[in-house]
Amino acid sequence: MLLQGKKAFVTAAGAGIGLATARAFAAEGAEVIATDINDAALAEINDERITARRLDVMDKAAVQAVAAEIGAVDILFNCAGFVHHGTILDCEEDDFDFSFNLNVKATYNVTKAFLPAMLDAGGGSIVFMSSAASSIIAAPNRFVYGATKAAVIGMTKSIAADFITQGIRANAICPATVESPSLRERMKATGDYEAARAAFIARQPMGRIGTPEEIADLVVFLASDKSSFITGQAIAIDGGWTNV
């Protein structure tokens with residue numbers, strides 16, 4: 001088991017990539033604390049290696065409290081995020097603030113809360129959720145989302161550089177379109193689900209959408225000692241989208 005004896009903390013673990021990763025961590029032997037704001041989703045998690053608990057990552061005090069309670073973790077997976085649809089002209093100030101508060105500031109608060117204990121314990125692996133739509137490539141109608149995910153890559157590289165001699169590795173995963181409840185909701189919101197789905201598939205050179213389990217496999221690798229010489233990287237897992 002790649003993660004035997006390790007403790008992992010996961011945000012947005014109620015569905016999609018977060019849930020798949022929490023389960024993959026557990027399958028590889030880790031003790032997992034899986035958090036989300038969706039109580040109903042958390043109640044569905046049934047694994048003796050996973051402790052599910054409610055956490056709003058935008059509540060700084062709650063984040064600090066849970067970090068103090070849990071103490072040092074070996075793996076931190078910052079998965080929580082939001083996809084805003086539209087150009088800069090469609091992005092109102094409230095949309096801008098919410099996107100940056102969830103995708104960037106909450107990630108900053110979670111990482112800052114857990115990092116000191118990780119350092120005291122000798123290090124660990126932090127995995128950030130970025131996106132192929134970031135500083136890697138632009139996607140139509142992803143103005144503020146792409147900006148936030150570019151910021152996450154910058155945060156990742158900075159943390160990797162600052163703490164490389166203290167046992168901390170930090171990497172960002174950059175997926176393209178991945179099956180999830182939130183993706184299906186966004187496709188329904190267009191008013192033509194089938195057309196929206198076809199458009200998402202059409203932009204993928206592989207001709208399909210990724211699965212949460214495929215993304216989770218990469219997170220497991222980055223969390224494990226198998227990736228011990230990798231840090232400060234933004235790794236695209238995108239079915240070839242950014243290569244064409």
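The model is predicted, so local features need pLDDT of at least 70 and side-chain atom pairs pLDDT 80 or more, while totals for chains, interfaces and linings use all residues. Residues are numbered from 1 along each chain as its sequence is written, and side-chain values use heavy atoms, without hydrogens and water.

**Overall build**

The chain has eight helices and seven strands. These are DSSP runs: H or I of at least four residues for helices, E of at least two for strands, numbered from the N terminus. Of its 244 residues, 48% count as buried. Buried means under 20% relative accessible area, exposed over 50%, and partly exposed in between (1.4 Å probe, protein chains only).

**Salt bridges**

Side chains of opposite charge can pair when their charged atoms come close. A salt bridge is a side-chain nitrogen of Lys or Arg within 4 Å of a carboxyl oxygen of Asp or Glu. By this rule there are six salt bridges. The table gives three of them.

| Pair | N to O distance |
|---|---|
| Arg54 and Asp39 | 3.5 Å |
| Arg184 and Glu179 | 3.7 Å |
| Arg208 and Glu214 | 2.7 Å |

Arg54 pairs with Asp39. Arg54 lies in strand β3 (residues 50-54) and Asp39 in helix α2 (residues 39-43), so the pair ties together parts 15 residues apart in sequence. Arg54 is partly exposed at 49% relative accessibility. Asp39 is partly exposed too, at 45%.

A network of salt bridges links Glu179, Arg184 and Arg197.
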